[in-house]
Amino acid sequence: MTLDINAILMTLSFLLMAVTTLGGALGVVLARKVFHSALFLVLSFMGVAGLYILLEAEFIAGVQVMVYVADIAVLILFALMLTPHRLELKHIPASNAQRWWALVAVVVFFVILLLPLFAPFFTINFSPLGLEPTTPVAWHISTADPVIDPVIEMGKALMGPYVLPFEVLGVLLLAVLVGAVFVGRDPGRAEEES
Amino acid sequence: MTTSVTAIPLAWYLLLAAALFCVGIYAALSRRNAIGILMGVELMLNAANLNLIAFWRYVTPQQLTGQVFVLFIIAVAAAEAAVGLALIISLYRQRETIFADEVDLLQG
């Protein structure tokens, strides 16, 4: 087997992005200050955007950067600034009383999620019960090239088969806009001004 | 010609997404700060999106269903974050706290 420089580079960039994503996510969980959590969250989002580029979904990567990094992260930082807090004093715990149970539950859930990936090693033989042995169904991996011009095709798809969800999404965003302003307003000041 | 499909197995992406999802769950379950809980939810949504894009690239790269789906999820996630943070700010105005375990009006 000859060394394939392309494959090595791709594997390396996958590992880099994976470490960025997971490291950022762990930083979100472990950071004491919520502000630091928000910054780690941005790191994690950027890692996911890199993975999208590696998966040749460049448009989605751009959307990820614009919506998650620029929009949601800034929203979170604004919310942090708007809620001045006594939060990060040393004697106030950052995580709640159920964190150990949460850790146990999450680890169990992770193992359950992993089981299908290792399904070939865990095939259960039901033949004593008179059942057929379970055969894991593999996904049919396609080596075809992705769509040539995904942005144009996506525009056509959004105006064609997906037009109803697209319209519903527009209504949802409008409702969210109005609702967020209504919920987030200062009731005291609203009475003063009226 | 080596592509990322032949270089990296699909299972790696699934593994990464599973780990990301679990970290998100842990953040949502263990953080006291309500904004931290929202961050956990965002991490979980990202993990789901990563799975969808990976399956799109590896299984049905000729159709755009996966990408369109992710686009919708991102838009809904942005809406969810906006409403969630508005609720948190409103909560802070009324209760002077954004610790989720101190908001126990419904506790008997």
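Modeller: Chain B has four helices and zero strands, where helices (H or I, at least four residues) and strands (E, at least two) are DSSP runs, numbered from the N terminus. The model is predicted: local features need pLDDT of at least 70 and side-chain atom pairs count only at pLDDT 80 or more, while totals for chains, interfaces and linings use all residues. Residues are numbered from 1 along each chain as its sequence is written, and chains are lettered from A and ligands numbered from 1 in the order in which they are written.

α3(B) is mostly covered, with 21 of its 26 residues buried. A residue is buried if 20 or more other C-beta atoms lie within 10 Å of its own, exposed if 12 or fewer, and partly exposed in between, with C-beta atoms placed from the backbone. For chain B as a whole, 54% of the 108 residues count as buried.

One partner of this helix is α4(B): the two pack at an angle of about 175 degrees, with their axes 10 Å apart. Axes are lines fitted to C-alpha atoms, for helices over the stretch in contact, and angles run from 0 to 180 degrees between N-to-C directions. The angle makes α3(B) roughly antiparallel to α4(B), because angles over 145 degrees count as roughly antiparallel, under 35 as roughly parallel, 65 to 115 as roughly perpendicular and the rest as oblique.

Residues in contact have C-beta atoms, placed from the backbone, within 7 Å of each other. Among those that join the two helices are B:L38, B:L45 and B:W56 of α3(B) and B:F69, B:I73 and B:L85 of α4(B). The residues of this contact divide into 17 nonpolar, four polar and one charged. Ala, Val, Leu, Ile, Met, Phe, Trp, Tyr, Cys and Pro count as nonpolar, Asp, Glu, Lys and Arg as charged, and the others, Gly among them, as polar.

The contact between the chains takes 64 residues from chain B and 78 residues from chain A.
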